[in-house]
Amino acid sequence: MLTDIEIAQQAKLVNIKEVAGKLDISEDDLELYGKYKAKLSNELISSVQNNPDGKLILVTAINPTPAGEGKTTVTVGLGQAMSKLGKKAVIALREPSLGPCFGIKGGAAGGGYSQVVPMEDLNLHFTGDFHAITSANNLLAALLDNHIQQGNKLGIDVKRIVFKRCMDMNDRALRNIIVGLGKKVDGVPREDGFVITVASEIMAILCLASDFKDLKERLGRIIVAYNYNNEPVTAKDLNAVGAMAALLKDAMKPNLIQTLEHTPAIVHGGPFANIAHGCNSVIATKTALKLADYVITEAGFGADLGAEKFFDIKCRMNNLKPDAVVIVATVKALKYNGGVPKTELSEENLDALKKGIVNLEKHIENIHKYKVPVIVTLNRFVTDTQAELDFVKEFCQERDCDFALANVWEKGGEGGIDLANTIINTIETKESNFEVLYEDELSIKDKIKTISTEIYGAANVTYSAEASRAIAKIEEMGFGNFPVCMAKNQYSLSDDATKLGRPSGFDINIREVYVSAGAGFVVAITGTIMTMPGLPKVPAAERIFVDDEGVINGLF
């Protein structure tokens, strides 16, 4: 059996100009990065603004398990299936981070015969967007430290600097560091740290900015520190906005690539959903809606994270209205939630399936809270039995969910035809009355409680003393109307990764709270979640190599 990278390397790609033609994009509107990658020009984005919007389909999933769910694979396969049905469709995805590529999770290009390509380029340096974001972030950090070194006219309290450096790599040794050691000319010694680039506020800003003017305004609002009078100091105060915007000028343009079946894919931005807001850029999604009749996008990890943030942050800020939501699950993952060890998931076990399907049930209930039609799809494995498939189908239909199987890993677009037809029928027969979960006027603690109790199923929320003080300060500064971006582990509905299924009676523990004033949301960090991940004992990087012909192996 071929690996994902072998399938991708054997694929016959067409010139990106041909792919663009499927969306009526001319060569003049492309900024080419070789034969198979391009950025969409600003002129194109402006010219399509008066086009009618297509239908917006969000693909989400149950909580991820070691058994795998295949959310991106289903997203890509669904786009290919729509194309096979003669629909003008485009896929809108996030860009992968190097951290997971070299850590545990691997890349984010889909799998099997439902991948976006060129797979190696996408998973590694791509068009340099992450480099631009990292550079803009670290330029601001450098200007901050330089200002302090050069006399500190703004009166910055070095013990209250909140902006961190970043890099797109899992490196736990950089979570907590000391900078400025050495001679007097080497800077002012202080505690500092790194976050992974996908957790940077610059990443969130790029993904939420509606245009270049909005980008610059958001960059200016970034709070980097507080002065001795307990007042915020911003990037605008440091005169950093112009240079940061210059670094981000090209990164603001969405990227166009293709699937294995040459369906167009717009891939742009990449915030993680467990520690950031988990959606591709607003510009990419809105442009896709103007270019196609059906836009298939995804939000990271389970619906408790990615989908909630897609709705309550991205859609709220940009008046987006999803027409349907697809929840991806697998029989294996549901049995894992029911207590079956990973080594025994291929065996039929209806009792475990009945026990573990409560995780899917909770996600269905959650999506219904937003009043959007729901379709559940099982990413099918050859070991799934008919009894198991029938049980899940009946379970979903009893909960007002349409249902379809997906076999897109093995069969590509052909394996997603039933799912595509089901979604089209759902959109045509069921109206989306989308609404956000909570109102802007709620206090920050009430917003956190609403998400924790309504979406996670928590009984209560507890706060560290530091978190409570931070919330009071944030509201005092006038940011209490911001939505909340919860940083929580992805494996459980709770903040304890070991609690599978549908836990209840638990508390959500808020350890830290800070405001991303430029992005426009408040971040609440739960449990032990880290904004700079570490590598596992045996990183995926140890299995990656390049042969003598320059061909990459081991990337997945």
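## A buried aromatic pair

Tyr370 is buried, at a relative accessible area of 2%. Buried means under 20% relative accessible area, exposed over 50%, and partly exposed in between, using a 1.4 Å probe and protein chains only. Phe434 is buried too, at 17% relative accessibility.

This is a predicted model, where local features need pLDDT of at least 70, side-chain atom pairs count only at pLDDT 80 or more, and totals for chains, interfaces and linings use all residues. Residues are numbered from 1 along each chain as its sequence is written, and side-chain values use heavy atoms, without hydrogens and water.

## Rings

The whole structure has six aromatic pairs. Rings of Phe, Tyr and Trp (its six-membered ring) pair if their centres lie within 6.5 Å; planes under 30 degrees apart are stacked, over 60 edge-to-face, and the rest tilted. Phe310 and Phe311 are edge-to-face, because their planes meet at 70°, with centres 5.9 Å apart. Both Phe310 and Phe311 are buried. Tyr370 and Phe434 are stacked, 6.4 Å centre to centre and 15° between planes. Ring pairs join Phe310, Phe311, Tyr370 and Phe434 into a cluster.

## Cysteines

How many disulfides does the structure hold? It holds zero. A disulfide here is a pair of cysteine sulfur atoms within 2.5 Å. The sulfur of Cys401 is 5.7 Å from the closest cysteine sulfur, in Cys396, so the two are too far apart for a bond. Cys396 is buried at 0% relative accessible area, and Cys401 is buried at 2%.
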